[in-house]
Amino acid sequence: MSIGALTPSMTLSQSPYRAVTEVHGFNSGAAHFGDQHTSMKFPSQTTPNVLLNFILRLSVVFVAVAVPRLAVLGSPPSTDEGVYAYFSQIAHTSLNNGQGLPNTGALMLYPILLSWSFEFPFNHLMFLRILDMAISFVAGWILYGIVRRESRSALAAALISFVFLFTMNQPIFIQSGFKNSFFAAYVPLFLAAYLAQTAVAKETRRWFIVGGLLALTILLRETFIPFAVVAAIAILVGRGIKASLQYCFGGVVAGGLLLLLLLWARGGVHSLIIGYQDFGAIYASLSDRPFPLFLSNGTVAVQEMLAALALGGLSVAVTLFASSGKPAIRGRLWFWIAVSIVPLIEPITKIGFPYHFSACLPGLAGLSANGWRALTVNDGTRMKATIGALLLSVVVISLFTKYTPLAQTWSATRVNALNWDKNEWSADAVSSSNYLLAANALRKNAPPNGTLSVSGFMFALFPLSGLTPSDYELSHLTTLAIKVGLDKDKVRKALIECPPDVLMTSIRAGIPGNDAVTEAVEQSGLYHSVVTIPVSPEKSYGNFAGTIYKRSAGAGECKAHSN
């Protein structure tokens with residue numbers, strides 16, 4: 001997601017900088033990826049101004065990013081963060097055993113980079129949430145800079161950044177804070193955009209770096225590939241073939257080297273291909289759901305993003321109305337529209353949840369900043385700028401109503417949050433969470449350094465219990481059952497070859513393979529049931545229920561470890 005050169009930020013009435021500009025646009029109606037290159041001088045920039053700008057930026061990013069994340073820090077465990085925490089856990093275990101990275105699953109670069117967190121005796125999920133919050137703060141800091149350069153206004157940067165960063169960090173999109181790799185991928189993505197804002201075609205080194213940052217973005221979040229495609233087209237149109245080639249070359253070199261390093265650490269490419277095939281098999285088994293989920297979860301996301309969407313839509317109208325005769329601004333409008341739309345490819349083509357739609361928000365922030373620039377580009381715009389500031393302020397103030405539920409969440413979960421450095425959860429948290437009840441039962445029934453298998457996507461049980469899989473193939477019995485065509489005999493055979501010490505089957509409705517897994521376990525002759533975690537809608541993840549089985553004495557050892 002790269003954009004062209006802009007003059008530096010300005011306040012409503014005047015710029016604190018004296019800018020010398022050199023025009024590098026082109027005379028067509030196409031998108032001007034870079035309309036100006038700016039050589040900046042700072043004779044009027046005083047230390048108090050720098051300090052005030054820093055305080056303003058720090059305040060906006062802290063209130064919009066850190067505060068909502070701190071409010072949910074102590075919330076009970078969730079499913080998606082459990083998947084990422086599981087990969088961090090097994091990466092740490094495998095590396096500590098001198099076996100390199102685990103040769104299983106998709107790339108999972110983000111959890112691998114955070115695997116060192118399991119070296120500490122903290123509550124690992126909450127520690128990962130804290131780390132993700134710090135990374136999100138960095139992403140927010142960079143986005144603020146992009147908005148300021150795009151809008152040319154410190155006031156606009158503060159108001160627009162607050163609206164979009166606060167919306168991006170709502171619980172519906174981040175849950176408890178470590179839901180996905182979005183914000184980790186946003187860091188190189190936003191940095192690439194920030195660097196490209198003042199780049200010119202002949203700066204080959206900068207375009208090489210921008211390409212490398214987009215490659216890192218994709219490795220952190222593979223479904224962000226459309227951003228890189230939009231950037232490539234924008235660079236080609238706005239900066240020419242040479243800059244575009246440098247961008248592509250940087251992406252190939254950086255991405256290729258990082259990927260080769262990861263493949264070497266994993267032990268080859270075969271397991272990576274299998275990992276993505278497994279994901280494909282799961283999505284194929286749920287092929288009747290993408291469109292209904294796109295509609296239902298898209299509606300939920302739109303309701304949460306209503307203020308941001310209204311601001312983005314208004315900015316499009318303002319830009320079209322106010323940018324007549326200014327092809328650079330009009331061209332940037334189409335660029336930001338593309339950046340806002342391409343994230344919809346993911347929820348359209350796979351199972352879409354509300355957080356998938358939140359990837360549209362950075363593009364909408366760019367649209368809003370560009371709209372501000374269009375509104376204030378002419379002389380004598382103090383009145384228009386004042387009206388714009390008032391409208392934005394109303395939007396910002398309206399968002400503060402969301403702090404009440406966040407405060408209530410903090411009040412209910414602060415005991416957990418304040419004890420993040422202890423590897424435990426409060427008694428109230430345990431009794432109100434099916435995940436925590438199941439993890440406690442697994443620990444009680446597993447031997448020291450025991451092994452575990454789960455089903456129904458309950459990967460969170462691995463880091464919560466401290467147990468690891470007997471074999472990566474058996475970590476998730478649901479995936480195994482889907483891969484073997486729901487053949488219970490093949491699942492049973494796999495369990496006999498490498499039986500985990502304890503396992504948990506799922507009775508969650510709508511999960512394919514539940515019956516095959518349960519029958520395979522009970523017919524294996526290796527296990528007896530010890531605890532049933534019932535469906536409890538009033539509990540956190542109360543529909544994630546099932547039966548815990550313990551391996552019988554003398555049942556045999558694992559014959560084929562892949563880890």
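In what order do the four strands of the open sheet lie? The order is 3-4-6-5, and the pairing is mixed. This is a predicted model.

**The sheet**

Strand 3 and strand 5 are the edge strands, each pairing on one side only. Helix 21 packs on the sheet and touches strand 3, strand 4, strand 5 and strand 6. The direction of helix 21 makes about 150° with that of strand 5. Strand 5 and strand 6 run antiparallel, joined by six bridges.

| Element | Residues |
|---|---|
| Helix 21 | 434-445 |
| Strand 3 | 452-453 |
| Strand 4 | 502-504 |
| Strand 5 | 527-533 |
| Strand 6 | 546-551 |

**Helix 13**

Helix 13 covers residues 306-322, 17 residues in total. At 1.5 Å a residue, helix 13 should span 24 Å. Its end C-alpha atoms are 24 Å apart, so the model agrees with that expectation.

Which residues of helix 13 are buried? They are A307, A308, L311, G312, S315, T319 and A322. These residues lie on the same side of helix 13, because they cover an arc of only 130° around the axis. L306 and F321 sit on the other side of helix 13 and are exposed.

**Confidence**

The protein chain averages a pLDDT of 87. At least 70 is reached by 88% of the residues. Residues 1-45 stay under 50. For residues 1-45, the model has 148 contacts beyond four places in sequence.

Terms used
Residues are numbered from 1 along each chain as its sequence is written. This is a predicted model: local features need pLDDT of at least 70, side-chain atom pairs count only at pLDDT 80 or more; totals for chains, interfaces and linings use all residues. Side-chain values use heavy atoms; hydrogens and water are left out. Helices (H or I, at least four residues) and strands (E, at least two) are DSSP runs, numbered from the N terminus. The expected span of a helix is 1.5 Å times one less than its number of residues. Buried means under 20% relative accessible area, exposed over 50%, partly exposed in between (1.4 Å probe, protein chains only). The arc is that of the directions from the helix axis to the C-beta atoms. Two strands pair if DSSP finds at least two bridges between them. Contact means heavy atoms within 4.5 Å. Axes are lines fitted to C-alpha atoms, for helices over the stretch in contact, and angles run from 0 to 180 degrees between N-to-C directions. pLDDT is the predictor's confidence in each residue, from 0 to 100.
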